Amino acid sequence: MTKAPLLLRQSPSACTSNAPFSVTIIGGGFSGAAAIIALGRRCPGPLSMEVIEPRQMLGQGLAYGEATSGERLNSRAKDLSLVPENPRDFVDWLTDHHSDDTAPTGFDFARRADYGRYVTERLSECLAKRPELQLRHHRDEAEKIHRDASGRFTVGVENGRSITADAVVLATGYGCRQASRYGLPAFREIPPERFSRMHRVTLVGTGLTMVDTLFRLRNQGFEGQVTLISRHGQLPRPHTETPSRHCPQWPQAWPESAGDMLRLVRTLSQRAEAEGADWQSVFQALRPLTSRLWRELDIGERRRFQRHLATRYGCYRYRLPPAHARRLQAELDSGRTRLARGRILASDSGQLTVHWHDTNRTSHWPSDLVIDCSGHRPALDTPLLRSLVAAGLARHDALGQGLSVSESGALFQGNDLPSRRLYALGPLGHGSLLEITGAAEIFQQAQAMADELSVAYAATTMTTETRALDAR
Ligand SMILES: Cc1cc2nc3c(=O)[nH]c(=O)nc-3n(C[C@H](O)[C@H](O)[C@H](O)COP(=O)(O)OP(=O)(O)OC[C@H]3O[C@@H](n4cnc5c(N)ncnc54)[C@H](O)[C@@H]3O)c2cc1C
């Protein structure tokens, strides 16, 4: 399917507006789009939004912009609405647009590229409905940010220009460029002529990115041997065909340690299965509570979770659509794809040195191609984020995985108070909130951010109106 062009009111050369309140949104992927939609709904009058995003399309980012036609979402369509009053909005959209033989039910795992189109379409509609929303898309990379004495922000972009705003929303997600530690980054296009010369491909990492990459290779016609390497050799578990209605009985007192959390989830999963439901329902029910539970753990326990449980948790939390799980199993059963436990000690021009856990030996592992599927994490070492931290406008979270944020994404600065004008949405908050990379959680966070910013918006617009009356 082709991408619908996003109709925006753009004038990239002009950076001033007559709207009384302006927000600069850095990053125009899913989080940036969620921010625009949420602000558009919460700020009732004129509002100027400057979006800085090098990609042409807004609303797509890494997850949906890089998707080919075959890749599926790992969330059910019914959970991905961008219209809070209509939780089936994405299902309805799919019903209107689907080209498959079967009509969407809501339990299905739609194509990622279709979700990208849906996001972009809802974003366009939100702007079309509200002419008093001004949105300019600057196809640049933001490089620095500072706050002046009056409290306004200035964001510097690549070509030396700058954009000022009353508030800033960082939505930079996984960054502008995909870095890789081993070989080629996942999702990088592989020229078809290279396939004919390849016999052995190694994928490092065994999560959802690996599954996408493996299927993409096969769909492109690669017939050779694929080796999957990760430290634990754990694969993502499957979703059920349809979700069960089981509601776990939460305890009176929440766990205070990573170990207690593990025991609780294990007990509830066993109980669910004993009652004829499935363990997946426990993980699903846990999702809206995870951030609160996570923030109640002290830092030592969060580190312990990260060290000992994060990989296992990821396998159960980030699940595969059942059809993908079956296809992966068939790959492994056929012997064309092999799973190995090992730690990469060195990577040199695609040649890996691996310590194999099963044999306790170290050896070189030659491949025709190595692809890094070890997962996406926010790039913190960018000029933009460095300038933000250096200016005291943000600080890293205690695990060093992102920025320290509240549930609404408000940035914690030097003191312990969250900012009321500076936010970071989505994956940048992973270390602070744990459960904040899924589209549903990001959209919810964007709405909480917009609720808070609408207070600053109301205060500023009221002051502007009072000044205008005084001047008469
Ligand atoms: C492959 C993949 C599949 C996923 N599938 C699902 C799914 O099925 N279901 C689900 O719920 N979630 C899924 N997710 C998770 C989720 O939807 C993502 O976490 C979400 O897309 C994050 O969006 P983002 O906008 O924060 O980040 P990104 O998608 O990384 O977008 C960030 C944007 O910011 C821009 N940018 C970065 N730095 C700058 C800068 N300095 N200046 C200007 N622009 C900048 C980049 O160009 C980019 O477009 C998936 C994630 C990935 C990676």
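Modeller: Two strands are said to pair if DSSP finds at least two bridges between them. Helices (H or I, at least four residues) and strands (E, at least two) are DSSP runs, numbered from the N terminus. This is a predicted model: local features need pLDDT of at least 70, side-chain atom pairs count only at pLDDT 80 or more, and totals for chains, interfaces and linings use all residues. Residue numbers start from 1 along each chain as its sequence is written.

Colleague: Which residue in β3 stands opposite S48?

Modeller: Strand β2 (residues 47–52) pairs with β3 in the parallel sense, over 6 bridges. In β3, the residue opposite S48 is Q134.

Colleague: Are the residues of β3 that point to either side, such as L133 and Q134, buried or exposed?

Modeller: A residue is buried if 20 or more other C-beta atoms, placed from the backbone, lie within 10 Å of its own; 12 or fewer make it exposed, and anything in between partly exposed. L133, L135 and H137 point one way from β3, while Q134, R136 and H138 point the other way. Strand β3 (residues 133–138) is mostly covered, with 6 of its 6 residues counted. Both sets are buried.

Colleague: Which strands are at the edges of the 7-stranded open sheet?

Modeller: The order of this open sheet is β8-β14-β9-β10-β11-β12-β13, with mixed pairing.

Colleague: Which residue in β12 is the bridge partner of D348?

Modeller: Strand β11 (residues 337–348) and strand β12 (residues 351–356) run antiparallel and are joined by 6 bridges. The partner of D348 in β12 is Q351.

Colleague: Helix α6 packs on the sheet; what angle does its direction make with that of β9?

Modeller: Contact means that two C-beta atoms, placed from the backbone, lie within 7 Å. On that basis α6 (residues 208–219) touches β9 (200–204), β10 (225–230), β11 and β14 (369–372). Axes are lines fitted to C-alpha atoms, for helices over the stretch in contact, and angles run from 0 to 180 degrees between N-to-C directions. The angle between α6 and β9 comes to about 160°.

Colleague: Which elements are among those that cover the buried residues of α6?

Modeller: The buried residues of α6 are L208, T209, M210, V211, D212, T213, L214 and L217. Their cover includes β9, β10, α10 (322–334), β11 and β14.

Colleague: How far apart are the end C-alpha atoms of α10?

Modeller: The expected span of a helix is 1.5 Å times one less than its number of residues. For the 13 residues of α10 this rule gives a span that agrees with the model. The next residue after α10 is G335, with a positive phi near 85°. The end C-alpha atoms of α10 are apart by 18 Å.

Colleague: Is W250 buried or exposed?

Modeller: W250 sits in the loop between β10 and α7 (258–274). V168 is 82 residues away from W250 in sequence and 38 Å away in space, C-alpha to C-alpha. Because W250 has 12 C-beta neighbours inside 10 Å, it counts as exposed.

Colleague: N360 is not a glycine; what is its phi?

Modeller: N360 is found in the loop between β12 and β13. With 7 C-beta neighbours inside 10 Å, N360 counts as exposed. Its phi is positive, about 60°.

Colleague: And what is the phi of L434, also not a glycine?

Modeller: L434 lies in the loop between α12 (430–433) and α13 (439–471). L434 is buried, since 23 other C-beta atoms are within 10 Å. Its phi is positive, about 65°.

Colleague: How far apart are the C-alpha centres of domain 2 and domain 3?

Modeller: The bounds come from an automatic or database domain assignment. It gives domain 1 (22–71 + 111–177 + 378–471), domain 2 (184–237 + 319–372) and domain 3 (258–317). The contact between domain 2 and domain 3 takes 7 residues from domain 2 and 6 residues from domain 3. The C-alpha centres of these two are separated by 28 Å.

Colleague: What is the radius of gyration of the protein chain?

Modeller: The radius of gyration is taken over C-alpha atoms, and the globule rule is 2.2 Å times the number of residues to the power 0.38. The C-alpha trace spans about 80 × 60 × 50 Å along its principal axes, and buried residues make up 41% of the 472 residues. The rule for a compact globule of 472 residues agrees with the value for the chain, which is 23 Å.
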